[in-house]
Amino acid sequence: MADKVQLHSTDDVKEKVIVVGVDINGNDKNVESCLDELELLIDTAGAETVGRLIQKRERINPRLYIGTGKVEELKNMAMELGATGVVCDDELSPAQMKNLEEALQLKVMDRTMVILDIFAARAASSEGKIQVELAQLKYRLTRLAGLGASLSRLGGGIGTRGPGEKKLETDRRYIKDRIGELKSDLDEVRTHRELLRNQRKKKGSVVVSLVGYTNAGKSTILNGITNAGVLEEDKLFATLDTTTRAAQLPGGTYIMLTDTVGFIQKLSHHLVEAFKATLEELKYADILLHVVDASDPSAEEHMKVVYSTLKDLGCEGKPVITVFNKMDKANIIHVPNDSICVSSVNISAKDPDGLNALLAETERVLKTFRKLTKVLIPYSKGNLLSFIYGKCEIVNEEHTENGTVIEAYMDDETLLRLKEFIID
């Protein structure tokens with residue numbers, strides 16, 4: 001039986017860390033951008049970055065992540081700056097983490113640990129907590145051998161907290177059993193989501209999902225359109241749980257507008273796997289609204305990350321409207337070109353006119369894969385009227401002695417369901 005190690009969370013000791021990156025492509029700018037983002041993650045997790053170190057190498061050192069000379073330089077830097085730990089920009093192997101900790105005599109973390117810590121602090125719903133704990137346990141399971149010291153060491157709230165971690169036993173069998181339980185819980189979540197999707201489908205609801213890089217402004221857009229009351233904060237991963245609200249387009253069509261967790265560079269496969277129950281909602285959306293922070297100098301790189309993640313989730317081919325947000329910022333030099341989207345719109349989520357423009361553009365795109373059709377619905381089939389009202393944009397409606405005549409924009413699925421009622 002393996003020794004049991006208990007993790008503690010403490011918020012009164014603030015970590016001071018040095019961020020470390022390896023440049024293997026000779027692209028200084030990209031490494032600096034990744035470390036800028038890592039510093040924002042660390043700030044969100046409640047720690048403070050006091051320095052950074054970058055090494056140019058042909059490949060990452062398999063034993064220490066960086067070279068032995070840089071390790072000495074990093075050790076001296078930590079002493080001078082009073083750092084209590086280092087955070088590496090790439091996911092470390094168990095051996096790298098152990099060797100680096102022994103060489104530095106400091107706490108060593110990687111990007112994934114920081115993101116897991118943020119997710120643990122932000123998860124509010126039971127579903128979110130299940131997904132975070134599952135990701136944490138999978139991450140820990142691959143790192144049990146030789147990591148007893150680092151797992152038990154106190155931290156300042158970075159990489160040390162979360163559901164399932166405050167009293168985490170490092171016994172491999174216990175963790176595997178717990179992973180099995182959590183997977184079973186997630187299967188129930190998937191079943192529940194499937195029922196909700198089927199209900200929406202029966203009602204003819206149009207589903208529009210907000211996607212994008214973290215902190216691009218998705219929650220602000222959702223709140224502005226639907227008054228959802230979702231947390232808005234200028235930090236990475238301010239919101240984690242999925243929120244769905246009804247919204248009305250200018251022509252009268254109601255849509256279900258869904259906000260999802262934001263994407264980020266080097267997002268751990270543990271997290272992508274754990275959050276598939278939530279992210280698979282994107283596969284069933286009629287339209288994706290890809291929100292981009294136009295004021296971010298790395299906007300183009302962020303767009304590539306989003307499209308790459310959507311591809312991994314099997315969401316290729318979905319109609320995408322790219323929403324260039326934060327256009328009110330003064331530092332915007334140019335708006336990136338997006339060759340993948342079917343349409344784009346420039347807005348500020350804080351401006352009602354911008355949100356109205358977004359809704360109008362969403363309606364216009366919906367029309368492009370719909371056909372203007374006239375149907376006669378007998379009064380005995382009144383249940384179909386609510387379906388049409390929810391699914392279609394009504395152009396004209398007339399009550400006759402034989403039933404209700406409706407002229408509306410309809411998609412292929414609606415046309416198939418109403419084919420016997422179509423009139424010239």
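Predicted model: local features only at pLDDT ≥ 70, side-chain atom pairs only at ≥ 80, totals over all residues.
A residue counts as buried when its relative accessible area is under 20%. By that cut-off, the buried residues of helix 3 are Q96, M97, N99, L100, E101 and L104.

**The protein as a whole**

The protein is built with 14 helices and 14 strands. Of its 424 residues, 53% count as buried, and the accessible surface comes to about 19,600 Å², with 47% of that area belonging to carbon and sulfur atoms. Among the contacts between residues at least 6 apart in sequence, 71% join residues that are at least 24 apart.

Two packed helices are described by the angle between their axes and the distance between the axes.

| Helix pair | Angle between axes | Distance between axes |
|---|---|---|
| Helix 2 (residues 68–81) and helix 3 (residues 94–104) | about 55 degrees | 10 Å |
| Helix 4 (residues 111–122) and helix 5 (residues 126–141) | about 155 degrees | 10 Å |
| Helix 8 (residues 218–226) and helix 12 (residues 352–368) | about 90 degrees | 10 Å |

How do helix 2 and helix 3 lie relative to each other? Their axes form an angle of about 55 degrees, which makes helix 2 oblique to helix 3, and the crossing of the two is right-handed. On the side of helix 2 the residues that meet helix 3 are V71, L74 and K75, while helix 3 brings L100, A103 and L104 to the meeting. By class, this contact of helix 2 with helix 3 has five nonpolar residues, no polar ones and one charged residue. Just after helix 3, Q105 takes a positive phi of about 55 degrees.

For helix 4 and helix 5 the angle is about 155 degrees, and because angles over 145 degrees count as roughly antiparallel, helix 4 is described as roughly antiparallel to helix 5. The crossing of helix 4 and helix 5 is left-handed. Helix 4 makes the contact through T112, M113, L116, F119 and A120, and helix 5 through V132, A135, Q136, Y139 and R140. These residues of the contact divide into seven nonpolar, two polar and one charged.

The remaining pair in the table joins helix 8 and helix 12, with an angle of about 90 degrees; the two helices are therefore roughly perpendicular to each other. Their contact is made by I221, G224 and I225 of helix 8, together with L355, L358 and L359 of helix 12. By class, the contact of helix 8 with helix 12 has five nonpolar residues, one polar residue and no charged ones.

**A residue in strand 10**

Is S344 buried, partly exposed or exposed? This residue lies in strand 10 (residues 343–346), and because its relative accessibility is 40%, S344 counts as partly exposed. S344 and I321 are 23 residues apart in sequence, yet they are 5.3 Å apart in space from C-alpha to C-alpha. Leaving aside residues up to four places away in sequence, S344 touches T322 and F324.

Methods. Residues numbered from 1 in each chain as written. Heavy atoms only, no water. Helix = DSSP H or I, 4+ residues; strand = E, 2+ residues; numbered from the N terminus. Buried < 20%, exposed > 50% of the residue type's maximum accessible area, 1.4 Å probe, protein only. Contact = heavy atoms within 4.5 Å. Areas by Shrake-Rupley, 256 points an atom, 1.4 Å probe, with all protein chains shown as cover. Axes fitted to C-alpha atoms, helices over the stretch in contact; angles between N-to-C directions. Parallel < 35°, antiparallel > 145°, perpendicular 65-115°, else oblique. Left-handed = near helix turned anticlockwise from the far one by under 90°. Nonpolar A, V, L, I, M, F, W, Y, C, P; charged D, E, K, R; others polar.
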